[in-house]
Amino acid sequence: MLLLPGRFGVFLLFPAGNGSRVEIVELGRGQSLRALASGLESRGIVSSARLFTLYARLKGGAARVKAGSYQLNDGMRPAEILSKMLSGDVYERIFALPSGYSSHQVAEMLEKRGIFGKEPFLAACRDRKLLAELGISAQSAEGYLFPGSYNILPGRTEQQVVREMVARQQELLAAEFSTKARAKGLSTLELLTLASMVEKEAVLPAEMPLIAAVFHNRLSKGMRLQSDPTALYGVRAFSG
C-alpha cells in the first residue's frame with residue numbers, strides 16, 4: 001500500500017489529540033522503532049505507528065533515539081516527539097531527601113508530593129521480607145534511608161524506592177562506618193544511631209565533633225547519654 005504524500009503531510013502537521021492525554025512512555029535500550037511507534041499509537045500519542053516509523057527513519061532517528069522515560073501528550077506533533085527522544089529530554093520526578101529525617105518525615109514528604117501514600121511507604125520500611133533481603137536485622141529501615149536526590153518515576157513501588165535508599169546507605173556503611181564501628185567497639189547499627197543523635201543535637205556542623213566526643217566519653221564510663229533527640233524521636237516534623 002502506497003502512503004500518499006497528503007496523508008503523510010496531515011500526519012506531520014496535526015497531532016493525534018488536543019493535549020489532554022498525558023502518558024509516561026518508557027523507551028528501553030535496544031527497543032525497536034517499530035515497537036516504540038506501536039506503543040505510541042496504542043496509547044493515543046500518535047495517530048499512526050506506521051507513519052511515525054517512516055518519519056523517524058527519514059529523519060535518521062531510528063538508531064539515535066535515547067533510552068529513558070518520556071512525558072508525552074497527544075497534542076504533540078511527531079516532530080516534537082522525535083526531537084525529545086533524540087535529545088534525551090527524559091522525564092524526571094526528583095525527590096530530595098534531607099539529612100536527619102525519620103522514616104515518618106520521609107513518608108509525609110512523599111505523600112505531600114503525591115508520590116506515595118504515607119502508610120504504604122512506612123509499611124515498605126517495615127516489610128520483613130524486604131528487610132531480610134537487605135540484611136537489616138532491625139524492625140524497620142529507620143536510619144538506613146540515605147539522604148540525597150532520587151528520580152522516582154511513575155510506576156515505581158514503595159519497596160523499590162526503599163531498596164534504593166538503603167542500598168546507597170549501605171555503600172556508605174561499607175566504605176566508612178564498619179571500620180570505625182569496630183575501632184570503637186560498636187556495631188555498625190549502634191554507630192549509625194549515635195551519628196544520628198549527634199546530628200540532631202548539633203545546631204551547627206562545627207559542633208558535631210565536640211558532641212560526638214562527649215557521647216563517646218559517656219559511653220566509655222557507662223553513663224547515660226541523656227540526649228534530647230532520643231526523647232523527641234518520632235515527634236512529627238522534629239527538626240532539632
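Which residue forms a salt bridge with Arg156? Glu164 does, with the closest N and O atoms 2.8 Å apart; a salt bridge here is a side-chain nitrogen of Lys or Arg within 4 Å of a carboxyl oxygen of Asp or Glu. Glu164 counts as partly exposed at 23% relative accessibility, and Arg156 also counts as partly exposed, at 25%. On this scale, buried means under 20% relative accessible area, exposed means over 50%, and partly exposed lies in between (1.4 Å probe, protein chains only).

The model is predicted: local features need pLDDT of at least 70, side-chain atom pairs count only at pLDDT 80 or more, and totals for chains, interfaces and linings use all residues. Residues are numbered from 1 along each chain as its sequence is written, and side-chain values use heavy atoms, with hydrogens and water left out.

The protein contains 11 helices and 4 strands. Of its 240 residues, 35% count as buried. The accessible surface is about 13,900 Å², and carbon and sulfur atoms account for 54% of that area; accessible areas come from the Shrake-Rupley method with a 1.4 Å probe, and for residues only the protein chains shown count as cover. Among contacts between residues at least 6 apart in sequence, 56% join residues at least 24 apart, where contact means heavy atoms within 4.5 Å.

Val10 is partly exposed, with a relative accessible area of 45%. Together with Leu13 and Phe14, Val10 forms a nonpolar patch on the surface, and the three have about 310 Å² of accessible area together. Patches are made of residues with over 30% relative accessible area and no salt bridge; like charges are joined within 9 Å, and nonpolar side chains (Val, Leu, Ile, Met, Phe, Trp, Tyr) within 5 Å.

Strand β1 covers residues 22–27. In a regular strand, side chains alternate between the two faces of the sheet. In β1 the covered face consists of Glu23, Val25 and Leu27, while Val22, Ile24 and Glu26 make up the uncovered one. Strand β1 runs antiparallel to strand β2 (residues 68–73), and 6 bridges join the two; strands pair if DSSP finds at least two bridges between them. Within this pairing, Leu27 stands opposite Gly68 in β2.

Glu23 of the covered face also forms a salt bridge with Arg21, the closest N and O atoms being 3.7 Å apart. Glu23 is buried, with a relative accessible area of 18%, whereas Arg21 counts as partly exposed at 40%.

The structure holds 7 salt bridges. Another of them joins the side chains of Lys118 and Glu108, at 3.3 Å from N to O. This pair links distant parts of the chain: Lys118 is in helix α6 (residues 118–125) and Glu108 in helix α5, 10 residues apart. Lys118 and Glu108 are both buried.

Helix α5 (residues 103–112) also contains Ser103, which is buried at a relative accessible area of 4%. The side chains of Ser103 and Glu142 are joined by a polar contact of 2.6 Å. A polar contact is a pair of N or O atoms within 3.5 Å; within protein, one must be able to donate a hydrogen and the other to accept it, and residues adjacent in sequence count only if both atoms are side-chain atoms. Leaving aside neighbours within four places in sequence, Ser103 is in contact with Phe121, Leu122, Cys125, Glu142 and Leu145.

Ser48 is buried, with a relative accessible area of 8%. A polar atom of the Ser48 side chain lies 3.1 Å from the backbone nitrogen of Leu51. Apart from neighbours within four places in sequence, Ser48 is in contact with Arg7, Phe11 and Glu41. Ser48 and Ser38 are 10 residues apart in sequence, and their C-alpha atoms are 8.1 Å apart.

In helix α4 (residues 78–87), the buried residues are Pro78, Ile81, Leu82, Lys84, Met85 and Leu86. Just after α4, Gly88 takes a positive phi of about 75°.
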